[in-house]
Amino acid sequence: MIIIIATFFLRILIAQGIIPQDTIINNQEEQIIMKNKAKHTHKLIENGIVSGYKIIEDGVVSGYKKIEDGVVSKYNKIENRFVDKHLRKENETISEAKARLKRENKQ
C-alpha cells in the first residue's frame with residue numbers, strides 16, 4: 001500500500017517538474033529518498049486540506065452565530081412588545097412586568 005502511495009506522489013512530483021522525468025529509482029537509498037519526498041508531499045497536501053476544512057468550519061460557525069443572534073434579538077423584541085402592550089401595568093417597566101409574571105407563574 002505504501003509503495004502505491006509513494007508511486008502516486010512520485011508521479012505528482014514528476015508531473016509538477018519537481019523531480020526530473022528521467023529519474024530512475026534503482027537502488028534502495030534512492031527509494032528511501034523518494035519515499036521521504038512522497039511523505040513530505042503527503043504532509044503538504046494534508047496540511048492544505050486541514051486548513052481548508054478549518055476555513056469552512058469557521059465560516060459555518062460564524063454564519064450560524066449570526067443567524068442565532070438575529071433570531072434571539074427579534075424574539076426578544078417581539079416578547080418585549082407583547083409584554084408592553086398586553087401584560088404591563090401602569091408605571092411598570094417591561095423588565096419589572098416580566099419579573100412579576102415569573103413570580104406569578106411560580107405560585
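Is Asp84 buried, partly exposed or exposed, and what is its relative accessible area? Asp84 is partly exposed, with a relative accessible area of 36%. The structure in which this residue sits is a predicted model, and the account below moves from the chain as a whole to individual residues and their partners.

The protein chain contains 3 helices and 0 strands, and its elements follow the order α-α-α from the N terminus. Of its 107 residues, 11% count as buried. The accessible surface of the chain amounts to about 9,300 Å², and carbon and sulfur atoms account for 60% of that area. When contacts between residues at least 6 apart in sequence are considered, 27% of them join residues at least 24 apart.

The average pLDDT is 83, and 83% of the residues score at least 70. Among the elements, helix H1 (residues 2-15) has the lowest mean pLDDT, at 71, whereas helix H3 (residues 94-106) has the highest, at 91.

Helix H2 spans residues 28-87 and includes Thr41. Thr41 counts as buried because its relative accessible area is 11%, below the limit of 20%. Beyond its neighbours within four places in sequence, Thr41 is in contact with Phe9 and Leu13.

Further features concern nonpolar side chains at the surface. Ile45, Ile49, Tyr53, Ile56 and Val60 form a nonpolar patch there, with about 510 Å² of accessible area together. One of these residues, Ile56, lies in helix H2 and is classed as exposed because its relative accessible area is 53%.

Charged side chains supply another theme, with a count of 8 salt bridges. One of them pairs Asp69 with Lys65, and the closest N and O atoms are 3.8 Å apart. The two residues are separated by about one helical turn because they stand 4 residues apart in helix H2. Asp69 is partly exposed at 42% relative accessibility, and Lys65 is likewise partly exposed at 44%. Both residues belong to a network of salt bridges that also links Glu68.

Asp84, the residue of the opening question, forms a salt bridge with Arg88 through their side chains, at 2.6 Å from N to O. Arg88 has a relative accessibility of 35% and therefore counts as partly exposed, as does Asp84 at 36%.

The loop between H2 and H3 contains Asn91 and Glu92. Most residues other than glycine have a negative phi. Asn91 counts as exposed because its relative accessibility is 80%. Glu92, in contrast, counts as buried because its relative accessibility is 12%.

What does the side chain of Glu92 meet in a salt bridge? The partner is the side chain of Arg100, with an N to O distance of 3.0 Å. The pair also qualifies as a polar contact between side chains, at 3.0 Å. Arg100 and Glu92 are both buried. Not counting residues up to four places away in sequence, Glu92 touches Leu87 and Ala97 as well as Arg100.

Terms used
Residues are numbered from 1 along each chain as its sequence is written. Side-chain values use heavy atoms; hydrogens and water are left out. Buried means under 20% relative accessible area, exposed over 50%, partly exposed in between (1.4 Å probe, protein chains only). Contact means heavy atoms within 4.5 Å. Accessible areas come from the Shrake-Rupley method with a 1.4 Å probe; for residues, only the protein chains shown count as cover. pLDDT is the predictor's confidence in each residue, from 0 to 100. A polar contact is a pair of N or O atoms within 3.5 Å; within protein, one must be able to donate a hydrogen and the other to accept it, and residues adjacent in sequence count only if both atoms are side-chain atoms. Patches are made of residues with over 30% relative accessible area and no salt bridge: like charges are joined within 9 Å, nonpolar side chains (Val, Leu, Ile, Met, Phe, Trp, Tyr) within 5 Å. A salt bridge is a side-chain nitrogen of Lys or Arg within 4 Å of a carboxyl oxygen of Asp or Glu.
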